[in-house]
Each structure stands twice: as structure tokens, then as C-alpha cells.
Amino acid sequence: MRKLSSLVDRVRHSAIREMLKEVAELRLKGYDIIQLSTGQPSLPIDEEVLEYLIEEMRRNRLLASSYTPTKGLRSVLEAIQNDLKVFGNIDVALNELVITEGATEGLLLIALTILDRDDELIIMDPSYVSYPQDAVIAGAKPVFVEENIEEGFQPNINRILEHITPKTKAILLATPDNPTGRILRKDVAKALIDISEDHDIWLVIDEAYKHLIYEGEHFWFWREDRARERTICVNTFSKDPAMTGFRLGYVYGPKEVIAAIEKFKQYSTLSSNTPAQIAAVYYLKPEVKKRILEYTLRIYKSRRDKMYEAVKQYLPEAVTIKPEGAMYLFANMKNYLRKVNLSDQEFMVKLVKEKHVAVVAGSSFGEKGKDHIRFTFVGEPEDRIEKGIKLIKEFIDEKID
Ligand SMILES: Cc1ncc(COP(=O)(O)O)c(C=O)c1O
């Protein structure tokens, strides 16, 4: 075969997508899989949002099936502007905002926009799977800074400072976080702004879960005037409105960054999914969004509590903290993994094959995630969450016997 580019070998597969493939195959064979692995909520899109979308598509078939401007429909950009004012009390101008094909495209285009070859991108270890790969695709180098459970998975400012070099171009992190569920503390967020000012580096904040908070509150970087010049925020409609398959997100940031993202987007996706943009306009009506958030948060919080309780009850040797946000409980399973003599990756693969419970191995999120397991709590109702954790206990007990 003719040679592929060297980049193909340098980019890693996403363990989460690989697990999804495995789950899909097992389901095709008729197995009932307890889905504690992907960030796919089990709630469907809100009925009212869907009705609006269908009506609008019927009413204006041409618009609904056409390209939109690369930046996005004016109506959705204005709705986002208003949403950021209502929920975040921040003012974002239209030239500081661009629509993307989910946060995934936003993250990749940001990497291409701010990173040059051999630049360094500081990311937390563990962190979301796409961050290091985006850096690699951009020709840059991901630099990993440990976060750990003893520090509540808060970024350690001194440790970050130790990793800054003349090549450091940006720090990228999520709040609330995937896989750890931690919310950035205000003092830590402010210290990150100090670093970005002192060293003149970008802060890229992944706000995918900014509305999925069960305790505490989101730190809006753009509320700090001094942060706006160097902070780029990535967002998505995949999580709070559960529109994962619609593939829609947005980025706000300094206008030069947004203009560059728009330029690249002309060649990556040209424009984003039009029906998704129409649906987003309705979702972003403040009263609609408040209603949906109230409903969603009630369900997710209860599932989060059930997951935490079940892990404490059935897997008492797992070390974990109750996640304050997002969709995941991240547990250090070292004690069990030693007993069953499996790595976290082997555990994940055998568990889904033998007990039909899907989880994600912690090492998929970085070296420091080794020996951990990420459990998603939004993909199943409480009874199946409990059943899944019980099956994991059974799996471990059988392996020890
Ligand atoms: C932190 C974080 N960022 C980005 C994404 C990508 O989301 P999407 O491309 O669906 O918007 C995810 C998905 O799980 C995520 O957890």
C-alpha cells in the first residue's frame, strides 16, 4: 500500500470511541449492555425543542437544508450572545463568537489557530482525550501536568509554573472537568489568569459542562476584564441539551482568534449543521433553557448520588470523591486491579465482554489516570447504575476466587 502520512502514526485512537464500537457490536449480538462509559446522556432532546425544529424545517425547507454562513446563522449567534449575558453576565460581541461542529471542532481549530510547530500546550493529566491529539495534529507538543485526587483534582499552580518554558503557548483545561468531575476553584482560576498575563500565554477553557454543576458554581473567565485578551472558551450543545448527534458548539474569544477559526472552518466543515442551529435558537430561549436545565440537573444529580453511593457500598476500596459537576465519577481502583492482576485497560475490556458493563480505563485520559476507572452516571437510570456497579463487584470477586 502507498504510504500514509506520518501524522497518522502520531495520533492515538480515542479509547472512548473504541469502547463505543465494542458496545455497538455486543448490542448487535443481542446483549444488554450497561452503559457507564461514554458521555452520551440517556435523555433525548427536549420534545418542545424538537417540535420547534420540525415546524421550522417544514416552514422554511430551503433555509433548513442550506449552508449557513461559516460563522453560523445570525439568529443563533444572537441567541448565544443573549444566553451568555443571561447565564454568565458576560458581554460577547458578534465578532468574538463562532459556531462550530461540536466542541470537538472548536478544540481542533483553536489548536491550529494558536499553536505553531514545536510549541508546547500545557494540559492536565488526566484530561479529556482530544486535547493532546489536537496539539499533535497542530504539530505542537502536549506537556502534561499532574492533577491528583489528594488535591481534589485542582490544577496545582506551582506544578504548572514548573512546566512553563519559552515554548509554552497555552494552557488548556476543562471546568467542570472530564474525567474527574471537578470544578475549578475561584482562587485557582485567578492564579491561572495571573500565569497567562505574566507569561503572555493563552488560556483555553473547555466549558462543555458549565451548566452541569451539582454543587458550587462555574467560574466565568470572561467576567474578569484582564482575562478576556488571552482567554478562549469552548462550548457545546452536546451536554446540557443532550444534542450530541446534532454536532453543534461554539467558541468565544478575542476577535483575532475568532476570525482565524472562521478562516480555518471554511476548509474544515464550511458551515455547521443547519437544523442543529435552528434547534439551538429555541433551546437558548432563557425560559426554555431554564426549564430543561432544572429537569436535567434533577435527574443527573440523583444519578450522580446513586453512582457515588453504589461505588462506596460495593467497591469500598475504590478511592474517589463525589464529582461536583459534569457526568463522571473517576475512581482510583488500584487496590482491586492489583488483586485481579489486570491493568485498567485490561479490566475495561474484560468487564464489557464478561459482564456487559461498559466503563472507560483511566489511562485513556493520560499517564496519571492509570489504575483509575471512569464511570459515567448520565447514561443509565439509578437501578441500572446500581446493577452495573454490583456486576463490577461480582466480576472482581470471581477473579479473586
Ligand atoms: C470536556 C469535553 N470537551 C469536548 C467534548 C466534545 O464534545 P462535542 O464535540 O460533542 O461537543 C467532550 C465530549 O465528551 C468533553 O467531555
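Mentor: Ala, Val, Leu, Ile, Met, Phe, Trp, Tyr, Cys and Pro count as nonpolar, Asp, Glu, Lys and Arg as charged, and the others, Gly among them, as polar. Keep in mind that this is a predicted model.

Trainee: Which residues line the largest cavity?

Mentor: L107, I110, A111, I114, L115, L121, Y131, D134, L172 and V204. The elements giving two or more residues to this lining are α6 and α7, and α6 provides the largest share, 4 residues.

Trainee: How does that lining divide by class?

Mentor: Into 9 nonpolar residues, no polar ones and 1 charged.

Trainee: Switching to pockets. What is the volume of the largest pocket?

Mentor: About 830 Å³. Its lining is made of 33 residues, and R17, T104, Y128, V129 and R247 lie nearest the centre. Two or more residues come from each of α2 (15-28), α6 (102-114) and α7 (130-137).

Trainee: Which element gives the most to it?

Mentor: α6, with 6 residues in the lining of the largest pocket. By class, the lining of that pocket has 13 nonpolar, 12 polar and 8 charged residues.

Trainee: Where does the largest pocket lie relative to the domains?

Mentor: The largest pocket lies between domain 1 (6-44 + 289-400) and domain 2 (47-286), because both give residues to its lining.

Trainee: Now the ligand. How many residues surround it, and which are the closest?

Mentor: 14 residues surround the ligand, and the closest are A103, T104, D206, Y209 and T236.

Trainee: What about polar atoms?

Mentor: A backbone N or O atom of A103 is 2.6 Å from an oxygen atom of the ligand. In the side chain of D206, an N or O atom lies 2.6 Å from a nitrogen atom of the ligand. The side chain of S238 has an N or O atom 2.6 Å from an oxygen atom of the ligand.

Trainee: How much of the ligand does the protein bury?

Mentor: The protein buries 93% of the 400 Å² that the ligand exposes when taken alone.

Key: Residues numbered from 1 in each chain as written. Predicted model: local features only at pLDDT ≥ 70, side-chain atom pairs only at ≥ 80, totals over all residues. Heavy atoms only, no water. 1 Å grid on protein atoms, 1.4 Å probe; cavity = no way out; pocket = protein on both sides within 12 Å on 5 of 7 lines; lining within 4 Å. Points joined across faces, edges and corners; volume = space filled by probe spheres on them. Domains from an automatic or database assignment. Near = heavy atom within 4 Å. Polar contact = N/O pair within 3.5 Å; in protein donor to acceptor, adjacent residues only side chain to side chain. Areas by Shrake-Rupley, 256 points an atom, 1.4 Å probe, with all protein chains shown as cover.
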